[in-house]
Amino acid sequence: MTKLRIAVRKFDPFETTLQKLWDSFCLKNNIQVEAEMIPLDLHDLYEETITNKGLINGKWDIAHINTDWIFDAANEKAVLDLTSLISENPPQNYPEGWHQSLLNLQQINNGTYGLPFHDGPECLIYRKDLFENPTEKENFKKQFGYELLPPKTWEQFTQIAEFFNRPEQNLYGSVFAHYPDGHNMVFDFCLQLWTRGGSLLNAQNQIDINHTAAIEALDFYRTIANNKKAIHPQSKDFGSVEAGMAFAKGEAAMAINWFGFASMCEVIEESTVKGRVDITELPHNENNKTASLNVYWLYTVGTGSKHQKLAYAFLRFATTPESDKLLTTEGGIGCRKSTWNDVEINTTIPFYHKLETLHENALTLPQTPVWPKVAELIDKMVLKSLESNIPSEKLLEETQNLILQII
């Protein structure tokens, strides 16, 4: 019997959605095929699909690949160019049904290497019930001399986090994802850099992190990460999923995380903060503007798959407006404009329509085959900054030298 194997990014909403979609797909098309879906953590997912060539040798028919990796995957010829399949049989309302910022990163050398699956740029997630509480507002103004509102600057972010830090109530000022998996701390560093007017690239378009804005970014980040009066004590063990869960369980006043974890607060059973959450753009430095990061997940088909036609047929089904909406109600983030503006979705998740605005400020990481290796170096650098007293200038200089060796 034919069996389709799918490498799934481990996250309950993804797993439940895919199972439901596969069951409906088979029912609708009278297909007797079993799908074996294996949930994998970030690191294992990359290893299985790209490093160990699982997509090339036919071990996986379909895989969730994020846009950090897609350049790599396309260059390795691990994922199928879907161009001809799309022109023969396009997904419903393709490409108009999606925001332009969800169609660019999978376009490599005139090929299309995946369809948008799950999205939601980085944002500031906060407990609006705490921010709107008259007593909290009064106490805050007495203490700091300005109105309690979502922070516009990083200095305000720190003050507000310290103000709401109440370990005795199991409430902390903020929660971060500091688990070194080559992602969270890299993204956090980039956000700190961009909101200070810095860039990952120099004038020659080469990766260069040895400059003033990067020093300020790393200095602030290591200070807040070690500020026991401002952050959740388990931040160092949390990946983005665990940090998102801690927020949903009411353990933090603010979080800098993916939009998806804000919407998850409104739909998952474990959430104790339904109806009490809102999102806004990230704080920034006095003279600079806000920024967000857009990394999204794709459905991809393996070049070694013996069931490419069937795999693509499922991708088309999994990206219809109905399927996209289902992903959202399960706790993921749909990618279609129709989902963002859906009345029912915005009733459940009142801030859902803000996705469009977040995309307007969303930057992306450099598309270069060496990025995963660079990200690993930045990850190690940030971790070292949290665990040592080595000056940021020195850490950045050392890391930049290692980056130059790769480039």
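Me: What share of the 407 residues of the chain count as buried?
Reply: Keep in mind that this is a predicted model. A residue goes down as buried when its relative accessible area is under 20%. Across the chain's 407 residues, the share that passes this test is 58%.

Me: How does the radius of gyration of the chain sit with the globule rule?
Reply: Let's start with what the chain holds: 18 helices and 13 strands. For 407 residues the globule rule gives 22 Å, and the chain comes out close to that, so it is as compact as a globular protein of that length. The radius of gyration of the chain is 21 Å.

Me: Of the contacts between residues at least 6 apart in sequence, how many join residues at least 24 apart?
Reply: Here, a contact means heavy atoms within 4.5 Å. Take the pairs at least 6 apart in sequence, then pick out those at least 24 apart: their share is 73%.

Me: Is T195 buried or exposed?
Reply: T195 sits in the loop between α8 (184-194) and α9 (212-225). Its relative accessibility is 0%, and the cut-off is under 20%, so T195 counts as buried.

Me: Which side chain does the side chain of T195 make a polar contact with?
Reply: Leaving aside neighbours within four places in sequence, T195 is in contact with several residues, including P283, H284, N285 and W154. For a polar contact, an N or O pair has to lie within 3.5 Å. The T195 side chain has such a pair at 3.0 Å, and its partner is the side chain of W154.

Note on methods: Residues are numbered from 1 along each chain as its sequence is written. This is a predicted model: local features need pLDDT of at least 70, side-chain atom pairs count only at pLDDT 80 or more; totals for chains, interfaces and linings use all residues. Side-chain values use heavy atoms; hydrogens and water are left out. Helices (H or I, at least four residues) and strands (E, at least two) are DSSP runs, numbered from the N terminus. The radius of gyration is taken over C-alpha atoms; the globule rule is 2.2 Å times the number of residues to the power 0.38. Buried means under 20% relative accessible area, exposed over 50%, partly exposed in between (1.4 Å probe, protein chains only). A polar contact is a pair of N or O atoms within 3.5 Å; within protein, one must be able to donate a hydrogen and the other to accept it, and residues adjacent in sequence count only if both atoms are side-chain atoms.
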